[in-house]
Amino acid sequence: MMKEKFNQMIAGIVKPLLKEEGFSKNGMNFYRKKEDLIFLFNFQNSQGNSAQETKFYINCGIHSTNIDRVIGKTTGLDPKESECYFRKRISSIVESTNDGYVITQETDLNTLGLKLDEDLKAAIAMFNNITSTNDLIDLMIEKNGLNNYRELFKYLLLTERKTQLKQFVKQLHRTFGAEKRWAIFENNLTEVLKDNNSKETIAAILNDD
């Protein structure tokens, strides 16, 4: 019963809303493509759902075919959320929402629809600020954390964006440098340097004022 209400919500509320914003549906994913950028909303059901309750999450992603091309990565035109270079739960983007939505027998779909409309439009407003791969790179440096950090580092290295590369490495070190696993991150970044014939070192990047 709750699964039927969930499907009804997707078909009757989410799909028309996102279609108006230029998104097309593929399974539980909604895509909008503009030049080398691909924007994604993914609706993920909780593994603990039951006949009495359905909980779901909205994952947001931004992908760049330009980054794919530069680093030599092959990704389809409909990337999964896990393949996107920037990816966050909508609750990390829209501060006023909780991590997940719940449908029960008592749930009024119109009320839930108003909440989804508000949250999705807030996330779309963020998407609309990303108009190029350069904007995506800035967003990744600022908010992506460890998601795709090797791919981002390689892209910055190959495109000779030295200022952004230094900014990114120093930010990673500020966040994770005191942790034991920093040695793993440093080794991974060092491998990227060596694989691309760079004589630079992570220590030198960190000490470069």
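**Ground rules.** I noted that the model is predicted, that local features need pLDDT of at least 70 and side-chain atom pairs count only at pLDDT 80 or more, while totals for chains, interfaces and linings use all residues. I also wrote down that residues are numbered from 1 along each chain as its sequence is written, and that side-chain values use heavy atoms, with hydrogens and water left out.

**Two asparagines.** I found Asn148 in the loop between helix 5 (133-143) and helix 6 (149-158), with a positive phi of about 55 degrees although Asn148 is not a glycine. I then turned to Asn197, also not a glycine, which has a positive phi of about 60 degrees and sits in the loop between helix 8 (182-195) and helix 9 (202-207). Asn197 is exposed, at a relative accessible area of 72%.

**Helix 1.** I checked the length of helix 1 (residues 2-20): its 19 residues should span 27 Å at 1.5 Å a residue, and the end C-alpha atoms are 26 Å apart, which agrees; the expected span is 1.5 Å times one less than the number of residues. Along helix 1 I found a kink of about 35 degrees at Val14, shortly before the proline Pro16, the bend being the angle between axes fitted to the seven residues ending there and the seven starting there. Just after helix 1, Gly22 takes a positive phi of about 90 degrees.

I listed the buried residues of helix 1 as Met2, Lys5, Phe6, Met9, Ile10, Val14, Leu17 and Leu18. An α-helix has 3.6 residues a turn, so residues three or four places apart point the same way. Among the elements that cover these buried residues I noted strand 3 (37-45), strand 4 (53-64) and helix 4 (109-128).

**The whole protein.** I counted 9 helices and 6 strands, which are DSSP runs numbered from the N terminus (helices H or I, at least four residues; strands E, at least two). Of the 209 residues, 43% are buried. Among contacts (heavy atoms within 4.5 Å) with a separation of 6 or more, 61% join residues 24 or more positions apart. Finally, I noted that the C-alpha atoms fill a box of roughly 60 × 40 × 25 Å, taken along the principal axes.

Notes: Buried means under 20% relative accessible area, exposed over 50%, partly exposed in between (1.4 Å probe, protein chains only).
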